[in-house]
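Me: I have a structure open here and want to go through it with you. Can we take it piece by piece?

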Amino acid sequence: MFRSIRWRIAIPYVILILAATAGLVIYLSDLVRDAHVDDLEAKLVAEARLIRDAVATSPAWEGPGDDLDALARHYADLLDARVTLIGADGTVLGESDRDRMQMDNHLYRPEVQQALAERQGSSIRFSRTVGYDMMYVAIPVMAEKRMVGFVRVALPLRQLKANVARLRRAILSVALFTVLGAALLALLIAEYTARPVRRLTEVVQRMAKGDLSVRLLPVTRDEVGALTRSFNQMSDRLRGTITKLVEERSRLTAVLDNMADGVLITGGDGHVHLINPAAARLLGTDEQSALGRPFALVARDHRIIDLWQRCCRQGEEQFESVEMGRQGPFLQAIATPLQDAGPQACMVILQNLTRVRRLETVRRDFISNISHELRTPLASLKALVDTLRDGALEDPPAAHRFLDRMDTEVDALTQMVRELLELARIESGQVPFRLKAVSVEDVVGPPVERLRPQAKRADLQLSVDLPPDLPPVLADAERAQQVITNLVHNAVKFTPQGGSIRVSSSAFRVSEGGAIHPETLNLKLETIPPGQWVLIAVRDTGVGIPAEDLPRIFERFYKADRARSGGGTGLGLAIAKHIVQGHGGRIWAESVEGKGSTFYVALPTLTRR
């Protein structure tokens, strides 16, 4: 109960009112009683003086007699009080209510002693004669300047007590209603005071739950109203600040979520406090399981862990190149200390340089391959020139033969330069493709017939399987034939004697969900947009391609097996790839080393949908 401000205000106020009212009731009760006692005493004094004046000259004061009893009863009846006439020696000379002969000497009664001393005495005490409390008033009787006795008038206090009790009840009733009213007023005041505080508390609780739009209308001009206005101002500033923080956090989250680089942040306890999707992907984990775990359990690579530990220990930025396994990504790890967040607080950035490294490898291989391809004809030309210079010119038949060899080498260099230029033009989009509806027979037939004599000389079986109902493809016939020529020529070149080469084609459709129809194709193809396609396949029973070389066979100058590659520039498949991509198609290969290869070309039909 006392946790509520309303009761903390009301209860002390009510207790204070109760204490004040109780004190006031007690004070008023005593005051009324004293006033009634004083009034009664004054009345008795007046009556005693009246009797004294009437009986002061009576000769009966000289000795006891019935005259004073009759006189006492007479005045008792007139005043409705007990009247006692007492001699100077304390002997009761007249009594209105009791037999005076049985009464003690009254000289030492308190009121008589006080009357002797002060000319007037009074007392309230229990009367053994009548058996209840009485108020007594006594005054001396003087005759010829000599005191002859005392007149005592007494009244019972029962009526006084009844009057005082009635007044006390009235005062208590009034006090009770006053207390109830004051308590009700205290509750109202407490409620009026606590209501805005309670409403303010409710608003604060709603804000604590995330509702920053709630406000409180100030209804008073007192301190609570000022507090309400200040709270609203604080809420506006807090809402603006939180909105900015949320926007900044959203931007930061968007940046972190879409970064290609992985980011991890560890706290002062060495546990991961933040990890973005890129870092989780590179480390082979997920964000939920990584958060809150020790960095070493998340990184799981001793080089990255050592990098992080060096950064924490030395307090300086650290760099490390890490290759995650043979086929894993190649990473550049950067660890930066966060000095203000704790001894083990650090930010680790993982840059995926796999593509850069692969491009570097491609560039290095390109330089190596082109150097190799140029070195052979140039060395041959150099040798032929040196031979001619050394005297072969004097032998016309030999000179003629050397010149023919030189012409062949120059033609090879020229072919290489031509293919390089053509590849560069195709890659840069400078070669226009004249796309139109072309039958699959027009794409496949001429290259196969052109290379059939070469296959026959190599003792290879070259066959074509084209269904009659194939839809036309949207292609540049000459460029498409160049692709098929390259694929069939490679098949002839890499298939041993007695082998076979088969060129086939079929139509298929890719649905919106990525499913292939008909399902019997069972292709492991790359992502192909939905639509209608024609698939051309060149299968051979040749030497095949090693699995580690298969992803790179479409690179420029790349040769899977230089010892068995024979002649050629190594640019044919790269050119074929760019031609197919220029048609909006796809080209890929499947191979098992020692069992042959299959090259697939998927071209869009005239009607894609």
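Me: Is strand 4 mostly covered or mostly open?
Reply: Strand 4 is mostly covered: nine of its 12 residues are buried. Buried means under 20% relative accessible area, with exposed over 50% and partly exposed in between (1.4 Å probe, protein chains only). Strands here are DSSP runs of E, at least two residues, and helices are runs of H or I, at least four, numbered from the N terminus.

Me: What kind of model is this, and how are residues numbered?
Reply: It is a predicted model, where local features need pLDDT of at least 70, side-chain atom pairs count only at pLDDT 80 or more, and totals for chains, interfaces and linings use all residues. Residues are numbered from 1 along each chain as its sequence is written, and side-chain values use heavy atoms, with hydrogens and water left out.

Me: Back to strand 4. How many bridges join it to strand 5?
Reply: There are 10, and the two strands run antiparallel. Met-142 has Met-147 in strand 5 as its bridge partner. Two strands count as paired if DSSP finds at least two bridges between them.

Me: What sits between those two strands?
Reply: Two residues, in a hairpin. Glu-144 takes a positive phi there, near 55 degrees.

Me: And how many bridges between strand 3 and strand 4?
Reply: Seven, again in the antiparallel sense. Arg-125 stands opposite Met-134 in strand 4.

Me: What else does Arg-125 do?
Reply: Arg-125 lies over the face of Tyr-136, at 4.2 Å from the ring centre. The test is NZ of Lys or CZ of Arg within 6 Å of the ring centre and within 35 degrees of the ring normal.

Me: What is the strand order in the sheet?
Reply: Five strands form an open sheet in the order 2-1-5-4-3, with antiparallel pairing. Strand 2 (92–95) and strand 3 (121–127) are the edges, each pairing on one side only. The twist averages 25 degrees from one strand to the next.

Me: Which helix packs on the sheet?
Reply: Helix 3 (residues 110–118). It touches strand 1, strand 3, strand 4 and strand 5. Contact means heavy atoms within 4.5 Å. The direction of helix 3 makes about 170 degrees with that of strand 3.

Me: Switching topic. At what angle do helix 4 and helix 5 pack?
Reply: About 10 degrees, with their axes 11 Å apart. That makes helix 4 roughly parallel to helix 5. Angles under 35 degrees count as roughly parallel, over 145 as roughly antiparallel, 65 to 115 as roughly perpendicular and the rest as oblique. Axes are lines fitted to C-alpha atoms, for helices over the stretch in contact, and angles run from 0 to 180 degrees between N-to-C directions.

Me: Which residues make the contact?
Reply: Among them are Leu-200 and Val-203 of helix 4, and Leu-227 and Phe-231 of helix 5.

Me: How many aromatic pairs are there?
Reply: A search of the whole structure finds three. Phe-554 and Phe-599 have ring centres 6.3 Å apart and planes at 75 degrees, so that pair is edge-to-face. Rings of Phe, Tyr and Trp (its six-membered ring) pair if their centres lie within 6.5 Å; planes under 30 degrees apart count as stacked, over 60 as edge-to-face and the rest as tilted.

Me: Are those two Phe residues buried or exposed?
Reply: Phe-554 is buried, and Phe-599 is too.

Me: How are the rings of Trp-588 and Tyr-600 arranged?
Reply: Their centres are 5.3 Å apart and their planes at 20 degrees, so the pair is stacked.
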